[in-house]
Amino acid sequence: MIPTILSIAGTDPSGGAGIQADLKAFSALGGYGTTVITALVAQTTTGVSEVHDVPPEFVRSQLDTLLTDVRVDAVKIGMLSSTEIIEVVAAAIDTYRLPNVVVDPVMVAKSGDRLLAADAVEALRTVLLPRADLITPNLPEAADLLGEEEATDLDRMRDQAERLLALGPRRVLLKGGHLSGPTSTDLLLSADGDVETLTADRVNTTNTHGTGCTLSSAIATLRPQRPTWSQAVRDAKDYLTEALRHADKLDIGKGKGPVHHFHAWWGN
Ligand SMILES: Nc1ncnc2c1ncn2[C@@H]1O[C@H](COP(=O)(O)OP(=O)(O)OP(=O)(O)O)[C@@H](O)[C@H]1O
Ligand SMILES: Cc1ncc(CO)c(N)n1
């Protein structure tokens with residue numbers, strides 16, 4: 001059966017991040033995509049010019065309308081913008097007993113623009129993280145969630161991943177994309193005590209818009225199709241690395257361009 005995946009996230013008119021990236025990853029990896037939109041974002045490869053939050057009661061209306069009809073097999077949660085939207089989404093996870101919840105704790109775009117209000121970080125930490133099967137913070141997000149300095153090496157990443165796990169998610173994938181070096185290494189820790197290191201060769205490209213959205217969506221799509229979280233995360237990282245390798249085939253915008261959801265069947 002083809003898995004149905006739900007993305008709860010904001011938009012990106014340039015198609016590289018947010019809901020648009022999520023749908024591309026869902027389709028490319030054999031899923032059927034559904035969406036609940038939390039914020040309309042005027043953004044492109046060079047940055048964010050304006051954010052228009054969807055009223056929280058309308059986020060709830062989208063969730064209720066969809067989930068009373070459609071059964072979903074996994075959920076990817078991205079940009080949530082405000083405390084009120086976080087609370088609505090957390091309530092839906094409980095009410096509909098949503099399975100395989102992947103939370104990408106989106107806070108700031110690559111351009112440096114905020115996508116989550118500073119006063120909503122507390123709600124993300126205390127209300128949403130304990131409901132997640134997996135969280136996928138990058139290094140600045142991990143530091144913000146913990147109120148600490150950003151990790152600068154793998155040892156400090158390991159310590160921070162442990163502390164993130166203590167906030168209540170079942171698993172943490174701490175992404176090391178923001179470090180430099182010949183490889184890009186992420187750490188996967190689970191509440192059962194498993195620790196895994198995932199390493200990929202660093203791709204030499206500036207087209208990295210949407211890497212986080214693509215990875216978390218790929219994990220959510222693959223989880224129902226793989227026997228373990230570990231296998232889903234490993235295959236999703238391989239998919240993302242491949243999307244980065246093909247990114248320079250695209251010529252989108254003047255800033256940090258998007259990754260390309262390369263399709264083996266078409267060969268392009
Ligand atoms: N140049 C690169 N080559 C290979 N892998 C990379 C590169 N840059 C990032 N990655 C990988 O991409 C994934 C996303 O990492 P990153 O830390 O950049 O996410 P992010 O900052 O959340 O992205 P976003 O721009 O969507 O917010 C991780 O698995 C990371 O290791
Ligand atoms: C809507 C949206 N979600 C996430 C990101 C993270 O890069 C972005 N730029 N835009």
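Glutamine 43 has valine 48, in strand S3, as its bridge partner. Strand S2 spans residues 32-44 and S3 residues 47-53, and the two pair in the antiparallel sense over 6 bridges. Pairing here requires at least two DSSP bridges between two strands. Strands (E, at least two residues) and helices (H or I, at least four) are DSSP runs, numbered from the N terminus. S2 and S3 form a hairpin, with 2 residues between them.

The model is predicted; local features need pLDDT of at least 70 and side-chain atom pairs pLDDT 80 or more, whereas totals for chains, interfaces and linings use all residues. Residues are numbered from 1 along each chain as its sequence is written, chains are lettered from A and ligands numbered from 1 in the order in which they are written, and side-chain values use heavy atoms, without hydrogens and water.

Glutamine 43 also contacts ligand 2. One of its polar side-chain atoms lies 2.8 Å from a nitrogen atom of ligand 2. A polar contact is a pair of N or O atoms within 3.5 Å. Taken alone, ligand 2 exposes 280 Å², and the protein buries 92% of that. Accessible areas come from the Shrake-Rupley method with a 1.4 Å probe. The residues around ligand 2 include Gly10, Thr11, Gln43, Met79 and Cys213. A residue counts as near if one of its heavy atoms lies within 4 Å. This shell holds 6 nonpolar, 4 polar and no charged residues. Gly is classed as polar and Cys as nonpolar.

Ligand 1 is surrounded by 18 residues, the closest being Lys110, His178, Ser184, Asp186 and Val203. By class, 5 are nonpolar, 7 polar and 6 charged. Strand S8 (183-190), helix H7 (211-222) and helix H8 (229-245) each supply at least two residues of this shell. H7 gives the most, with 4 residues.

An oxygen atom of ligand 1 lies 2.8 Å from a side-chain N or O atom of asparagine 138. For lysine 175, the distance from a side-chain N or O atom to an oxygen atom of ligand 1 is 2.8 Å. A polar backbone atom of valine 203 lies 2.8 Å from a nitrogen atom of ligand 1. Taken alone, ligand 1 exposes 630 Å², of which the protein buries 93%.

The space taken by ligand 1 is the largest pocket. Ligand 2 sits in the largest pocket. On a 1 Å grid over the protein atoms alone, a pocket is an open set of points with protein on both sides within 12 Å along at least five of seven lines. A molecule sits in a pocket if more than half of its atoms lie within 2 Å of its grid points.

Definitions and conventions. A polar contact is a pair of N or O atoms within 3.5 Å; within protein, one must be able to donate a hydrogen and the other to accept it, and residues adjacent in sequence count only if both atoms are side-chain atoms. On a 1 Å grid over the protein atoms alone, a cavity is a set of points where a 1.4 Å probe fits but cannot get out, and a pocket is an open set with protein on both sides within 12 Å along at least five of seven lines; lining residues have an atom within 4 Å of a point.
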